[in-house]
Structure formats: C-alpha cells, structure tokens
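Biologist: Before we start asking questions, could you put the sequence and the structure where both of us can look at them?

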Amino acid sequence: MLFFRVILICMKSYYRYHIDDFFITIMESDGFITDVWGDRSDGSPAPPVPKKETPAIRKMKEELEAYFSGTLTSFTTPIALRGTPFQRRVYHALIEIPFGSTASYKEIAERVGSPKGFRAVGQAVHNNPHLIIVPCHRIIGSDKSLTGFAGGLDMKRHLLEIEGAL
C-alpha cells in the first residue's frame, strides 16, 4: 500500500489559472482531478509536485471558465474523491445539491445518515479538497446565513450569485 501511495504522489501535477477574478489551482493524478482550490490572491504556495498542464487539468479549467460564465451547471471531468469514508459520503451529498440550491449542515447530516452529526459534516465540508466541483459553497447556516468557505466569503457569495441562489 505504501508503494502505491508513493507512485500516486509522484504522478501528480498541477496548474494555476486566473479565472473570473480568482486564482484557481487544479491538481491531477492519472487523469483524475484530485484538488481544486482558489482565492482572490496569488499568494498560495506552489504544491510540491510538477507544474504541468495535463489534458484533465485543461478540461477542468475549461469547465470552470464555463461555470464562471454561467453556461455550465455540472462538471464532467473525472475527479478522485479524497477523504475518509464519512467525508466521501458528505462529498457525494454535496454533489447532489442541485445547481442554484443550498442546504444546511443539518440537512446534509440527515442525508448521510448521521442526523446529529452536523459538526462532523462541517468538518468534512471544511476539509473538502475539491472546491467548486464538490459544491461546498452551497452549504449555508440553518438561519440561511453564509458560513465559512475555504476560498473566502467573497468567493462563496460570488459562486452563489452565479448560480442564482442569492
């Protein structure tokens, strides 16, 4: 198992783009997107993997550009969901939230079979390495308030505005 992980890490690559006022970093391994993150500044350190624009990264970039322009509502680039089994259940529940809709941490906890686990859902959402494509920006507080987001609340607000959810 350790040997497999070393090979997997060695085969990763990343590329950073400026899309719609945000700096988006996309990581890929063996044709699958493993990470997407972004913010308004370009101060993020470069990942410790080669910088290379692969076909999967390029396709993800094109889909993100279409999403930001309002012409794409779902992503088709293959992703490799990373995380614990519980986190992956949460990520699947996030993917099922329709474009233009929102859900609360409590609603997601109920969907993944852990009705009192809204704090655990919050932790899983916080650790989501697939920003935008696993739409953690669609998670809001039970009182309908915007809550934390890895890309910052400005980005979250902007994404929800693109989707018409605000």
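Modeller: Let us begin with a term: pLDDT is the predictor's confidence in each residue, on a scale from 0 to 100. We need the term here, as this is a predicted model.

Biologist: What pLDDT does the protein average, and what is the pLDDT over residues 1-10?
Modeller: Across the protein, 89% of the residues score at least 70, and the average pLDDT is 88. The stretch of residues 1-10 has three contacts in the model beyond near neighbours in sequence. Over residues 1-10, the pLDDT is below 50.

Biologist: In what order do the three strands of the open sheet lie, and which are the edge strands?
Modeller: The three strands of this open sheet are arranged in the order 1-2-3, and their pairing is antiparallel. An edge strand pairs on one side only, and this holds for strand 1, residues 12-19, and for strand 3, residues 32-39. From one strand to the next, the twist averages 20°. The order is therefore 1-2-3, with strand 1 and strand 3 at the edges, where strands in general pair through backbone hydrogen bonds.

Biologist: How many bridges join strand 1 to strand 2, and which residue is the bridge partner of Tyr14?
Modeller: Strand 1 runs antiparallel to strand 2, which covers residues 22-29, and eight bridges join the two. Within strand 2, the residue that partners Tyr14 in a bridge is Met27.

Biologist: Over how many bridges do strand 2 and strand 3 pair, and which residue of strand 3 does Phe23 stand opposite?
Modeller: Strand 2 and strand 3 also have an antiparallel pairing, and it extends over seven bridges. In strand 3, the residue that stands opposite Phe23 is Asp39.

Biologist: Which residue in the hairpin of strand 2 and strand 3 takes a positive phi?
Modeller: This hairpin has two residues between its strands. In the loop between strand 1 and strand 2, Asp21 has a positive phi of about 75° although it is not a glycine. In the hairpin of strand 2 and strand 3, the residue with a positive phi, near 55°, is Asp30.

Biologist: Which residues are the closest to the centre of the largest pocket?
Modeller: The largest pocket holds about 220 Å³ of space. By class, its lining has nine nonpolar, three polar and one charged residues. Of the 13 lining residues, the closest to the centre are Ser74, Phe75, Ile95, Ile133 and Pro135.

Methods:
Residues are numbered from 1 along each chain as its sequence is written. This is a predicted model: local features need pLDDT of at least 70, side-chain atom pairs count only at pLDDT 80 or more; totals for chains, interfaces and linings use all residues. Side-chain values use heavy atoms; hydrogens and water are left out. Two strands pair if DSSP finds at least two bridges between them. Helices (H or I, at least four residues) and strands (E, at least two) are DSSP runs, numbered from the N terminus. Axes are lines fitted to C-alpha atoms, for helices over the stretch in contact, and angles run from 0 to 180 degrees between N-to-C directions. On a 1 Å grid over the protein atoms alone, a cavity is a set of points where a 1.4 Å probe fits but cannot get out, and a pocket is an open set with protein on both sides within 12 Å along at least five of seven lines; lining residues have an atom within 4 Å of a point. Grid points are joined across faces, edges and corners, and a volume is the space filled by probe spheres set on the points. Ala, Val, Leu, Ile, Met, Phe, Trp, Tyr, Cys and Pro count as nonpolar, Asp, Glu, Lys and Arg as charged, and the others, Gly among them, as polar. Contact means heavy atoms within 4.5 Å.
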